[in-house]
Amino acid sequence: MKNINSYRKFKRNDKEVNPDGEYILYWMQINRRLQYNYALEYAVALANKYDKPLLIYESVMVNYPWASDRFHAFLLEGMKEHLHELKDTDVNHYCYAEQEAGTVEQSFYDLAENAVAVVADEYPVYIIRENNEIMADEIDVLYISVDSNGIIPLGITDKDPYSAYLFRKVMQKHFLEAYTHPPKKDPIDDLENHKKTKLPDGFEEKYPRADKILEDIPGFISELDIDHEIGITEKKGTRQYALGKLGDFIAHGLSRYDEERNDPDADAASGLSPWLHFGLISEYEIVKAVLDHQPKGWDLDDITPNNGKNSGFFNGDPNVESFLDEVITWREVGFHFAHHRPDYDQFESLPDWVLKTLSKHQDDEREWVYELEEFAQSKTHDEIWNAAQTQLRQTGIMQNYLRMLWGKKIIEWTKDYRTALDYMIELNNRYALDGRDPNSYSGIFWCFGRFDRAWQERPIYGKLRYMTSDSTRKKLKLDRYLDKYGSQKSLL
Ligand SMILES: Cc1cc2nc3c(=O)[nH]c(=O)nc-3n(C[C@H](O)[C@H](O)[C@H](O)COP(=O)(O)OP(=O)(O)OC[C@H]3O[C@@H](n4cnc5c(N)ncnc54)[C@H](O)[C@@H]3O)c2cc1C
């Protein structure tokens, strides 16, 4: 039987390894961590197999979609952390921060010329998906992408799951095997060849190391041709910060998660999505840390497949069960969906029942219609919606329940559905630190009925699930939230 982790590897071209190459090149594109990283682990195994050193290449482009101070700072802080961590070691690590568009791509091709083989991060959306599809064809050596995104390997599903229930069934079948074949904590420790890598001639002059730049991240960013309106937040894009957040969540949020995660005032959710997005922390280590907090006496034998139901699988603390359903099932269903669906971000990818009902209601009269920048600047008539958008614009995050309301109302208050979809993608990915992720598309398309079922028919929404600010106000504790992000402040 195949080892479960073999379903994480994707051969991206039909080239061979070049045994005369200088190094195994690991291109760290999205899972930007040195720990619990299957791709790095695989790169180390290849380096050992061919008795070559390993080169870890970390780069930041300047012209990625929605490039701004916010994302750039977050990315560069993570890079700087690696630089410090590896400073006094013999690990070959090269950081490059582009100033001129196109040079990252060129630098990758230059490095690939001297490589034995290339290992990259598998990722089903955004420019990383395109890089893995297009750039692999342009090089002369083997290019393998490795999935280190979640617990259930992307290669396990054979088609796109259309509901969380369906994916949960798959998850329940494979969880134990996947969880008991974890990524190594420190894969670099296994590296055998510690020689200094020989870079292509002139490489360092052409693509200067980012070491100096990283000493003054805001100064460097201010000179770049990126969106300076989207400001840096106080959240640091480092692994240390993520581990601190995980610790805080386990100490203060986990025991209240099931009951209070939806209340903006309660602060009971983990807040980990930006660090998960940039791969600074692995889903595996979050799941492990949380399972370690099951009640005394609980062990893995207590897990029982439960036909896709969202409780009665982990069989311990209901808070743990509820959190793991979000971080495993709800997080990964979007990864698996996008993995099988290149059209994951297209309106036409919506289920047939949605396309049918929306086509029937496309000409329904809208009482309120806003343009993109009115939404962006929190200028709607609705206090709760404006507060949620202000939180997103100012801090780079938005609380989960309000995110659903936020999306549903954009559908209701935009001139047509396709424009609403474009606005949601734009606003989410422009402001959210966790944006441009498979879960961005899960969440946005969930508002349009993906992974959901038909509900009672209404104007504009058709059979889509409906949400209102009034019921949100009754259901949730929002006083402190509105005080912080409410209308007066939002319009300043
Ligand atoms: C319109 C809309 C847009 C969204 N955009 C994004 C986005 O850009 N990036 C993003 O990561 N998530 C997005 N989500 C999903 C969800 O809102 C966030 O993952 C969650 O709010 C993150 O907060 P947290 O880390 O405190 O979550 P927690 O409740 O602490 O959960 C832990 C982790 O589980 C995963 N998770 C939790 N809830 C969901 C969910 N409903 N769907 C998928 N995964 C989930 C996330 O990885 C999260 O970090 C969106 C949802 C909606 C409705």
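Let me start with Cys-95, which is buried at a relative accessible area of 1%, where buried means under 20% relative accessible area, exposed means over 50%, and partly exposed lies in between, with a 1.4 Å probe and protein chains only. Cys-447 also counts as buried, at 3% relative accessibility. A disulfide is a covalent bond between the sulfur atoms of two cysteines, and a search of the whole structure finds zero of them, taking a disulfide as a pair of cysteine sulfur atoms within 2.5 Å.

Please keep in mind that this is a predicted model, in which local features need pLDDT of at least 70 and side-chain atom pairs count only at pLDDT 80 or more, while totals for chains, interfaces and linings use all residues. Residues are numbered from 1 along each chain as its sequence is written, and side-chain values use heavy atoms, with hydrogens and water left out.

Now to strand β3, residues 54–60, where seven of the seven residues are buried, so the strand is largely enclosed by the rest of the structure; strands here are DSSP runs of E with at least two residues, helices are runs of H or I with at least four, and both are numbered from the N terminus. On one side of β3 we find Leu-54, Ile-56, Glu-58 and Val-60, on the other Leu-55, Tyr-57 and Ser-59, and all are buried.

What joins β3 to strand β4, residues 92–97? Six bridges do, and the two strands run parallel, with pairing requiring that DSSP finds at least two bridges between strands. Within β4, Tyr-96 is the bridge partner of Ser-59.
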